[in-house]
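Let's go through this one together, question by question. Have the sequence and the model open while you read.

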Amino acid sequence: MSNTLSDITVKLNVETPSVPVNMGNLALFVKGDRQNVEGFNSYEDLQKVYGSNDLVKQVANGYFSQDDHGNKLFVITYTDVATAATAFYGEGWEFATVIPGVKVVTPSENAGDDQNKEKEAVTVDTTNDLADTVALSNLIDGKKERFAVVGVPATAENVEKIADTKKAFGNSPRTILFVSGANQAEAEYGVGGLVGAVGNETVGDVTWKFRKIGGVKPVDLTVTQIQKLHENNAFTYVTKAGLDQTSEGKTLSGEFIDALHGDDWVKASLETELQRLLSNSSKITFDAAGIAQIDATVTAVLTTATNNGIISVNPETNAGEFTVTTASRAQSSEEDIAQRNYTGLKFSYTRSGAIHTVKVNGQINI
């Protein structure tokens with residue numbers, strides 16, 4: 001993906017008419033006294049380092065408590081959130097959240113091993129927390145990939161001002177606003193639980209609505225309050241037909257999370273597989289044979305995306321609704337040929353979508 005050493009550039013232009021990489025990893029951004037990144041494979045490992053930071057532990061506990069969580073959770077300490085996100089963009093996280101109200105102080109060099117010495121969590125002024133969260137959201141929007149996740153307690157007061165909260169993010173297409181828990185600690189657990197429960201499932205195989213999250217309690221909100229959240233493209237955790245589940249699965253712009261996550265999977269898979277083709281081949285010739293190899297690689301990725309449920313299936317042919325076109329050497333510019341830069345491949349696909357509501361018309365005969 002972006003900001004990694006690669007010879008491949010994949011651009012997706014999404015038209016909305018009338019795991020090569022782990023796609024479920026979460027990064028926690030925590031204000032600190034220096035820019036740093038650490039990766040953890042379990043809640044116990046994180047607890048050794050951030051045992052005094054309750055909110056970090058809450059997110060991590062929610063994340064690692066889910067059966068199918070990603071293989072790693074990152075803690076990124078920052079002095080400037082956008083700078084840190086850019087510096088550590090290549091670490092392999094797909095989802096990110098800012099932890100409010102604390103600052104991590106790194107032990108001095110003579111205090112012991114930094115990796116094993118517990119970081120000190122200091123309560124700080126939360127005035128800039130929203131600004132930091134918005135800055136991270138804006139950076140992710142600019143990249144047109146990955147997701148910022150914001151946890152908000154499910155209180156009547158927060159529901160009343162949900163439109164203002166949404167406005168602060170400018171209808172972000174890449175920000176998820178999840179409303180759960182009675183306080184900020186429970187809301188942070190909900191963030192970790194949401195990503196841990198759904199983010200690492202086979203991309204394209206699941207929607208983010210109807211999902212069960214271990215350890216998250218259904219909210220005590222009225223139907224009207226929940227509808228107000230949905231009107232502002234936030235969602236929460238409820239009980240329907242006796243089953244606890246997420247109430248929706250959209251980002252703040254109204255885009256469905258699974259559709260965007262599928263786009264990210266396609267982009268990451270193409271970058272990975274094309275880079276692998278170039279790296280593992282003795283030579284990809286700039287002719288019909290070499291171009292055919294590139295075509296076949298892209299077709300294979302899009303076929304897998306179809307099988308996973310990212311791309312729609314044509315009911316007449318049972319094939320994925322995607323196209324791959326390539327320009328021949330004769331159609332390429334002399335400059336591109338001289339620079340060994342192939343720019344002649346294009347593809348498009350139709351998202352599969354999902355059914356979230358059902359309306360049934362019945363008739364009673366007497």
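Q: Which residue forms a salt bridge with E273?
A: Take a salt bridge as a side-chain nitrogen of Lys or Arg within 4 Å of a carboxyl oxygen of Asp or Glu. In this predicted model, where local features need pLDDT of at least 70, side-chain atom pairs count only at pLDDT 80 or more, and totals for chains, interfaces and linings use all residues, numbering runs from 1 along each chain as its sequence is written. Side-chain values use heavy atoms, with hydrogens and water left out. The closest N and O atoms are 2.8 Å apart, and the partner of E273 is R276.

Q: How are E273 and R276 separated in helix α9?
A: Helices (H or I, at least four residues) and strands (E, at least two) are DSSP runs, numbered from the N terminus. E273 and R276 are three residues apart in α9, so what separates them is about one helical turn.

Q: What is the relative accessible area of R276?
A: The scale here is buried under 20% relative accessible area, exposed over 50% and partly exposed in between, with a 1.4 Å probe and protein chains only. E273 is partly exposed at 27%. R276 is partly exposed too, and its value is 42%.

Q: How many of the residues of α9 are buried?
A: First its length: α9 has 24 residues and reaches 34 Å from first C-alpha to last, close to the expected 34 Å, where the expected span is 1.5 Å times one less than the number of residues. The helix is largely enclosed by the rest of the structure, because the buried count is 19 of the 24.

Q: Which residues does T297 touch, not counting residues up to four places away in sequence?
A: T297 sits in helix α10 and is buried, with a relative accessible area of 14%. Contact means heavy atoms within 4.5 Å. By that test T297 touches E273, L274 and L277.

Q: Which residue's backbone oxygen lies 2.9 Å from a polar atom of the side chain of T297?
A: A polar contact is a pair of N or O atoms within 3.5 Å; within protein, one must be able to donate a hydrogen and the other to accept it, and residues adjacent in sequence count only if both atoms are side-chain atoms. For the side chain of T297, the backbone oxygen in question belongs to Q293.

Q: Which residue caps the N-terminal end of α10?
A: Helix α10 covers residues 288–308 and reaches 30 Å, close to the 30 Å expected. Just after α10, G309 takes a positive phi of about 100°. At the N-terminal end, a side-chain oxygen lies 3.2 Å from the backbone nitrogen of A289, and the capping residue is D287.

Q: What covers the buried residues of α10?
A: Among those buried residues are I291, I294, V298 and L302. Their cover includes α9, β10 (322–326) and β11.

Q: Where does E255 lie, given that its side chain meets R351 in a salt bridge?
A: The bridge is 3.4 Å, N to O. R351 lies in the segment after β11 (345–349), so the pair ties together parts 96 residues apart in sequence; E255 itself is in the loop between β9 (243–246) and α9 (257–280).

Q: How many salt bridges does the count come to?
A: Besides pairs, there is a network of salt bridges linking E145, K267 and E271. Altogether, the count comes to 10.

Q: Which residues have the most contacts inside the largest nonpolar core?
A: A nonpolar core is a set of buried Ala, Val, Leu, Ile, Met, Phe, Trp, Tyr and Cys residues joined through side-chain atoms within 4.5 Å. The largest one has 38 residues, and those with the most contacts inside it are L73 and V75.
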